[in-house]
Amino acid sequence: MQAATVVLDHDDMRRTLVRIAHEIIEKNPDGAIALVGIHRRGALLAQRLHALTGELLDTPVPLGFVDISFYRDDLAIRPSAPIVHATQLDFPIDGRTIVIVDDVLYTGRTVRAAVDEVFDYGRPARVQLAALVDRGHRELPIRPDYVGKNLPTSQQERVNVHVKELDGRDEVTLGPAPQQRAA
Amino acid sequence: MTRLGPHLISIDDLDRAGIERVLDTAERFAEVSGREIKKVPALRGRTVVNLFYEASTRTSSSFELAAKRLSADVVSIRSAGSSVDKGESLKDTVQTLSAYDPAAIVIRSPHAGAAQLVAGWTPAAVINAGDGKHEHPTQALLDAFTLRRRLGRLDGARIWIVGDVLHSRVARSNILALRRMGASVTVCGPPTLIPRDIEALGCDAAVTLDRLHEADVVYVLRMQLERMRDSFVPSLREYAARYQITAGRLRPGQLLMHPGPVNRGIELSADAIDSDQALIGDQVKAGVAVRMAVLYELLVGSPVLAAVA
């Protein structure tokens, strides 16, 4: 059993988010964008991207959050109902470019659920995807527009994204999956 | 016991953490009702049967909307116009409907204990939408939701439940739920309409409105004329004179609630209903979100896996 290795440290994470913020603005010169974070760590990353893009643009872009619990495709096969957080999209979606923000892009199922949820609020002009880490193993035809780090992994590994607000530090590590750790 | 299920028959099926969890989930569903598309796919492909053996507007329509907004398929059956008219028994009806493999059966019945019986006849999750004089748990949950939204917390809140306590399933469920949430409850009404030993539920009893000013919330019950076979009060006029809640009898700052439907001019005066102290409209609005939360908590997740976990 190997210990978790650090993939991105505090400074790497900051630089990565700054780069993603620049890329988002470059790719959307009209500025009609909104950031939508997926609860919980994606929401915190969206908040940071919101601050960063706000510094680059004169006016901050709208910021929202989605909780995809009601849209999960595994609701019937989970042991119990997931605890839900607030979905908050209190700006008009119609005609805007929505940038969905999540921490780790893996199977793509979470993103599929988030896209479905956004469409229940209106008809965006375009939906883009920003992920801090893309670890591969997609099960749906979904690709990111902005990636912090491409991280080839095996399915037995686990990518842990730590953020200061929840975990006391900013760090991305790669370690063994939890069930292996227990064994 | 934090997790609700497998049925919701009584508020006793929930501890405080369980009630709080339902109310927290309901907050999220309240947001869904504000969307352009007021629907989430959580119960897609599952069936909810509403079985109503008693008149209902609010409860039946809000259960139906709640299930539809969760994308479930809904069958609503009222006793009038169904095979119940032809003499089919409750058991046969439930077993027939169970053949459609519903995820949940919502039952309203004039007989106490009906929901409990139904739970023994079907593999579906059973939700009590009012059984005779026994309980009406989702009403108590939506009342707790409405009050928690307004007051922030129920701890220490003094709640007076005024009127026909004897015939009221709403009173029974509310006493249990509100006390569990930390409120103190006093029931008040004519001695003939206060059940003996009601204090066993942990509430006080009063027979006059003299101390009504102590209440933070005045919860008025409907005079259940349809359940009264004897004369419990000399006359409705006399009842109104002594117990009707009017705007004048309310202290400023007191909140007013009523489960509906209101008998205007009997238990409540028109000026009280229309005053800005009344939360009656908020209660109705809370109905859909709270019932969505109950359906979601009961039906999402696999019962098999939950048993293992």
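Two residues are in contact if their C-beta atoms, placed from the backbone, lie within 7 Å. The structure shown in these views is a predicted model.

**View 1. The contact between chain A and chain B.** In this predicted model, 15 residues of chain A are in contact with 19 residues of chain B. On the chain A side, the residues that touch chain B comprise 10 nonpolar, 3 polar and 2 charged residues.

**View 2. The open sheet E1-E8-E7 of chain A.** Three strands of chain A form an open sheet in the order E1-E8-E7, and their pairing is antiparallel. The edges are strand E1 (5-8) and strand E7 (157-162) of chain A, each of which pairs on one side only. On average, and with direction ignored, neighbouring strands of this sheet are turned by 30° against each other.

**View 3. The pairing of E1 with E8 in chain A.** Strand E8 of chain A covers residues 171-176 and runs antiparallel to E1(A), to which 3 bridges join it. Within this part of the sheet, A:Leu8 stands opposite A:Val172 in E8(A).

View 4. A:Arg109 lies in helix H3 of chain A, a helix made of residues 109-119. Is A:Arg109 buried, exposed or partly exposed? A residue is buried if 20 or more other C-beta atoms lie within 10 Å of its own, and exposed if 12 or fewer do. A:Arg109 has 17 other C-beta atoms within 10 Å, and is therefore partly exposed. Its contacts, leaving aside neighbours within four places in sequence, are A:Asp73, A:Glu139 and A:Leu140. A:Val66 is 43 residues from A:Arg109 along the chain, and the C-alpha atoms of the two are separated by 14 Å.

**View 5. The fold of chain B.** Chain B contains 10 helices and 9 strands. Its C-alpha atoms fill a box of roughly 55 × 45 × 40 Å, taken along the principal axes. For 309 residues, a compact globule would have a radius of gyration near 19 Å; the value for chain B is 19 Å, so the two agree. Of the 309 residues in chain B, 47% are buried. Among contacts in chain B between residues at least 6 apart in sequence, those that join residues at least 24 apart make up 72%.

Key. Residues are numbered from 1 along each chain as its sequence is written. Chains are lettered from A and ligands numbered from 1 in the order in which they are written. This is a predicted model: local features need pLDDT of at least 70, side-chain atom pairs count only at pLDDT 80 or more; totals for chains, interfaces and linings use all residues. Ala, Val, Leu, Ile, Met, Phe, Trp, Tyr, Cys and Pro count as nonpolar, Asp, Glu, Lys and Arg as charged, and the others, Gly among them, as polar. Two strands pair if DSSP finds at least two bridges between them. Helices (H or I, at least four residues) and strands (E, at least two) are DSSP runs, numbered from the N terminus. Axes are lines fitted to C-alpha atoms, for helices over the stretch in contact, and angles run from 0 to 180 degrees between N-to-C directions. The radius of gyration is taken over C-alpha atoms; the globule rule is 2.2 Å times the number of residues to the power 0.38.
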